[in-house]
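Here are my notes on the model you asked about. Have the structure open while you read, and look up each residue as it comes along.

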Amino acid sequence: MDFRLNDEQEQIREMVHDLCLERVEPRAPEIDESGEFPWDIKELFARHDILAIPFTPEYGGVSGSALTLIIAVEEISKFCVTSSLILSVQSLGSLPIWLAGSDAQKRRYLPPLARGEQLAAYALTEPGSGSDAGGMRTRAIKHGDTYVINGSKTFITGGSVADTLVVFARTDQDGDTPARNISAFIVEKTMPGFKVGKLEKKLGIRGSPTAQLFFEDLAVPAANRLGNEGEGFKLAMRVLDHSRPGIAAQALGIAEGAFDLARRYARDRRQFGKPIAEFQGIQFMLADMATQIEAARALTYAAGDALDRHLSEISVSSSMAKLFASDTAMRVTTDAVQILGGYGYLRDFPAERMMRDAKITQIYEGTNEIQRFVIAREVLTEKA
Amino acid sequence: MDLSLSPEQQEIRQLVRDFAEREVKPRAAAIDHTDEFPRDLIAKAAQLGLLGMLVPEAYGGAGLDHVAFAIFVEEVARYSASTAGILDVHGSVGTEPIVLFGDDEQKRRWLPDLANGKTIAAFALTEPEAGSDAAHLKTTAARLDGGYVLNGSKIFITNAGEAKRYLVMATMNPASGADGITAFVVGGDNPGLRVGPKFKKMGLNGSAIAEVHLENCTVDEPDRLGEEGQGFKIAMRALDSGRIGISAQAVGLAQGALDDAVAYAKERKQFGKPIAELQTIQNKIADMTVKVRAARWMTWKAAALCDAGQPFTKDASMAKLFATDAAMDITLDALQVFGGYGYLEDYPMARRVRDAKACQIYEGTNQVQRAVIARELMPA
């Protein structure tokens with residue numbers, strides 16, 4: 001049993017850390033304030049091959065290891081969660097292609113994503129189907145060699161800036177067969193009939209565009225279908241197994257960033273003639289925060305290790321990591337604001353932003369209620 | 001990173017799991033009800049070579065690592081936390097300091113019988129007025145011709161009365177605090193060592209916990225472990241790795257409670273269906289599962305760091321804090337899943353709640369763990 005990272009992972013952690021400390025941290029408050037997508041950070045990540053981390057060298061990437069991606073997302077999230085989403089969504093949007101694409105589809109679409117010339121997005125959620133993804137209404141109807149897609153998607157992270165999107169749509173004809181008969185398609189933003197609706201105003205992750213998407217008689221070549229017709233729902237669930245540890249990594253990074261801030265502040269801030277870090281009330285809060293973070297880290301890295309070793313239990317280990325790490329991020333950021341006191345509540349310090357950003361990790365890629373459901377189903381149905 | 005168990009660790013897990021299911025499970029309720037020390041189980045564990053897990057093969061032990069030790073304690077604790085506690089104290093804080101700090105002569109003298117179970121070990125640090133503040137213990141050691149004489153009282157000593165080897169911490173200079181403390185190995189048959197009556201406790205019934213009085217107790221020079229003044233360091237090192245054992249005990253308690261809750265939820269029908277189909281029960285089961293998994297990883301991580309010769313004080317304290325708090329939460333939740341039946345002593349749920357409480361207290365209260373963690377996070 002060996003909990004140490006390998007040399008590649010240590011190097012990537014150090015590189016990402018140093019780069020983010022110098023270039024991303026100073027930008028984080030502006031990105032939050034303006035709510036604009038940070039194209040400069042995207043270029044920075046592309047130039048340093050950070051966007052190539054989710055991809056294997058065969059398709060122009062530099063790694064492809066789930067754990068290595070977790071490390072990179074964690075490091076970026078310590079400084080700016082919005083920026084970490086550029087990498088996370090690059091991975092999320094390309095995962096369906098990676099998992100279900102033909103070699104030709106991979107060769108065509110993955111290298112530009114790995115180089116960071118193009119951005120990816122993942123379009124599953126609809127206004128009427130969130131946690132219950134099987135109830136989607138977007139429809140793809142086959143006409144000869146093309147599918148014509150009509151419908152809309154909502155809450156699509158990066159949907160307004162993406163070049164390549166994987167869109168899930170029903171391919172059944174009568175429209176009332178849940179979960180089955182959903183298929184996945186690679187859609188390019190230049191295809192006629194692709195429209196971006198309004199961008200949402202959000203509590204946090206404000207520089208990460210959350211878009212509504214509309215498809216109006218959007219014609220997609222049949223060659224862009226991922227896998228067979230009707231395999232889309234299964235694919236969507238497999239993607240989530242792979243992407244949830246990434247949300248756990250984000251949450252872990254947020255919690256660590258907030259903890260470091262609170263610890264620094266507690267050692268500097270003097271009240272009653274000594275640093276507040278010398279009061280047991282503060283010490284024990286910090287000890288609990290650090291312990292929760294260690295537990296979250298253990299589950300998150302274990303999920304990454306399980307993915308990299310292709311263990312059969314990845315679904316439940318991914319859900320456990322996502323659930324625990326995101327709940328930890330919420331608790332730790334709330335405590336960090338508390339340790340900073342009145343200053344923590346001000347926009348002048350990053351604590352309140354971290355707390356706002358933490359909230360989304362309990363919600364997206366399956367709410368934590370869905371994670372509990374996934375875990376309970378696994379535990380209550382095995383060893384019957 | 002490779003979080004798989006080695007073939008040897010998997011083998012130990014299977015061996016101990018079989019032992020625990022076959023021998024410990026059927027005895028667990030009776031051990032709790034009678035509060036009798038389970039000598040039969042300890043003897044059976046000894047036959048399987050489980051009493052000398054951390055003792056090198058050269059001294060008759062199994063020479064296994066701390067991950068294997070944690071697995072061993074967890075598997076026993078799934079059914080009987082008190083039996084696990086007896087074995088843990090013996091193998092960890094009772095024996096390991098001799099492995100780490102003894103000279104070759106001492107190792108040859110003591111370790112083989114500790115490893116084969118002829119001798120049970122105990123660890124005597126805590127005193128009535130020196131609990132968390134162990135550096136201010138009052139038991140004295142004065143130099144005599146060729147040895148020492150010990151005087152004082154120890155309290156909360158696990159395995160007291162059953163043990164034949166007591167690792168006793170005493171001060172040679174109360175004014176110098178931690179620097180005055182020296183460690184001694186005292187035989188259970190030493191006429192100067194007297195064990196008080198077994199305490200009646202909330203839980204961990206079956207494990208013998210009592211006062212140990214040292215009354216003009218003389219020991220020879222070769223019975224001193226380490227150098228004079230090294231005792232506090234020896235005790236702290238023992239507790240660091242002892243905390244891995246307590247974490248494992250808590251993980252076992254929690255896993256056992258979870259397993260029973262899952263089985264019961266699938267069986268128990270209300271409103272025309274198994275309560276496992278109710279979302280509120282599912283949520284409890286999910287949260288319990290996540291916590292026990294996180295606690296196990298933290299325990300194994302501290303153990304793996306210890307085995308790799310890396311610093312592990314902070315990780316051991318975090319594992320102890322997290323795992324024992326998790327065990328308390330999980331045993332209470334599991335009892336709740338059983339409803340009224342959980343409150344009855346006919347089922348193991350109430351026993352686990354009583355046992356879990358001890359884990360939050362001994363080998364350093366969880367408040368002490370937080371202080372250790374805070375110190376590690378913010379060195380002066």
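**Notes on the two chains**

1. Start where the chains meet: 42 residues of chain A are in contact with 38 residues of chain B, contact being heavy atoms within 4.5 Å. Before going on, keep in mind that this is a predicted model, where local features need pLDDT of at least 70, side-chain atom pairs count only at pLDDT 80 or more, and totals for chains, interfaces and linings use all residues. As for bookkeeping, residues are numbered from 1 along each chain as its sequence is written, chains are lettered from A and ligands numbered from 1 in the order in which they are written, and side-chain values use heavy atoms, with hydrogens and water left out.

2. How much area is buried between chain A and chain B? About 3800 Å², with carbon and sulfur atoms giving 70% of it. Buried area here is the accessible area (1.4 Å probe) that two parts lose on being put together, summed over both. On the chain A side, M1(A), F3(A) and L380(A) supply 21% of the area buried against chain B, more than any other three residues.

3. Charges also turn up at this interface. Side chains of opposite charge can pair when their charged atoms come close. The rule for a salt bridge is a side-chain nitrogen of Lys or Arg within 4 Å of a carboxyl oxygen of Asp or Glu. One pair to click on is K301(B) with E294(A), where the closest N and O atoms are 3.1 Å apart. Both belong to a network of salt bridges that also includes R13(A), E74(A) and D315(B).

4. Now two pairs inside chain A. D103(A) and R107(A) form a salt bridge, closest N and O atoms 3.1 Å apart. They sit four residues apart in helix α6 (residues 103-114) of chain A, about one turn of the helix. Helices (H or I, at least four residues) and strands (E, at least two) are DSSP runs, numbered from the N terminus. D103(A) is partly exposed at 39% relative accessible area, and R107(A) is too, at 45%. The cut-offs are under 20% for buried, over 50% for exposed, and partly exposed in between (1.4 Å probe, protein chains only). D172(A) and R170(A) also meet in a salt bridge (3.1 Å, N to O), but here D172(A) is buried at 4%, and R170(A) is buried at 4% as well.

5. In chain B, look at K291(B) and D329(B), a salt bridge with its closest N and O atoms 3.3 Å apart. This one links distant parts of the chain: K291(B) is in helix α8 (residues 279-307) of chain B, D329(B) is in helix α9 of chain B, and they are 38 residues apart. K291(B) is partly exposed at 21% relative accessibility, as is D329(B) at 35%.

6. What about chain B overall? Count eleven helices and ten strands in chain B. Of its 380 residues, 61% are buried. For contacts in chain B between residues at least 6 apart in sequence, 73% join residues at least 24 apart.

7. Last stop: is S82(B) buried or exposed? It is buried, with a relative accessible area of 4%. S82(B) lies in helix α4 (residues 81-94) of chain B. Leaving aside neighbours within four places in sequence, S82(B) is in contact with I31(B), L204(B), N205(B) and S207(B).
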